[in-house]
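Reader: I'm new to this and would like to learn how to read a protein model. Could you take me through one?

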Amino acid sequence: MVLFSKNRRSVITSSAAVVAICLIMSRGAGAGYAPKDAPKLPEGFCPNETGAATETTGECMCHWQHKEGCLGSKCQYEMGLSWYHYSCKDCKCVPEPSS
């Protein structure tokens, strides 16, 4: 298999393309992994009644997984999860309202 560039003057063989892809992927191999050491969390961070602190990333995962499950300036809500990082001083998880 041979891959051509846009100007079709240079040819990259499939083995060279595979080597290039492997080099690129190996550079980012550590991305997306949690740090080995846990951060020092502030006292009172993530009360058990409303959330659960992650072991290595310093985030509080709110029990109520809803947009309103976290209040504060840096609250996150993505993919159905509500959380905040320990660096947010005004963030807190709120209890799920009773129905």
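**Disulfides, sheet and core**

Author: Let's start with the sulfur links: a search of the whole structure turns up four disulfides, a disulfide being a pair of cysteine sulfur atoms within 2.5 Å. Keep in mind that this is a predicted model, where local features need pLDDT of at least 70, side-chain atom pairs count only at pLDDT 80 or more, and totals for chains, interfaces and linings use all residues. Residues are numbered from 1 along each chain as its sequence is written, and side-chain values use heavy atoms, with hydrogens and water left out.

Reader: Which cysteines pair up, if I number the bonded ones in sequence order?

Author: The pairing reads 1-2, 3-8, 4-5, 6-7. Take C46 and C60, joined S to S at 2.0 Å. Their link is right-handed, with 65 degrees about the S-S bond. C46 sits in the loop between helix 1 (14-27) and strand 3, while C60 is in strand 4, 14 residues apart. Helices (H or I, at least four residues) and strands (E, at least two) are DSSP runs, numbered from the N terminus.

Reader: And what does the link of C62 and C93 look like?

Author: That one is left-handed, with -80 degrees about the S-S bond. C62 lies in strand 4 and C93 in strand 8 (residues 92-93), so the pair ties together parts 31 residues apart in sequence.

Reader: Which residues make up the largest nonpolar core?

Author: In soluble globular proteins, nonpolar side chains tend to be buried together. A nonpolar core is a set of buried Ala, Val, Leu, Ile, Met, Phe, Trp, Tyr and Cys residues joined through side-chain atoms within 4.5 Å. Here the largest has nine residues: F45, C46, C60, C62, C70, Y84, C88, C91 and C93.

Reader: In what order do the strands of the open sheet come?

Author: Two strands pair if DSSP finds at least two bridges between them. Four strands line up as 3-4-7-6, with antiparallel pairing. Strand 3 (51-53) and strand 6 (76-78) are at the edges with a single partner strand each, so one side of each has no neighbour in the sheet. Three bridges join strand 3 to strand 4 (residues 59-62), and A52 stands opposite M61 in strand 4.

How values were computed:
Buried means under 20% relative accessible area, exposed over 50%, partly exposed in between (1.4 Å probe, protein chains only).
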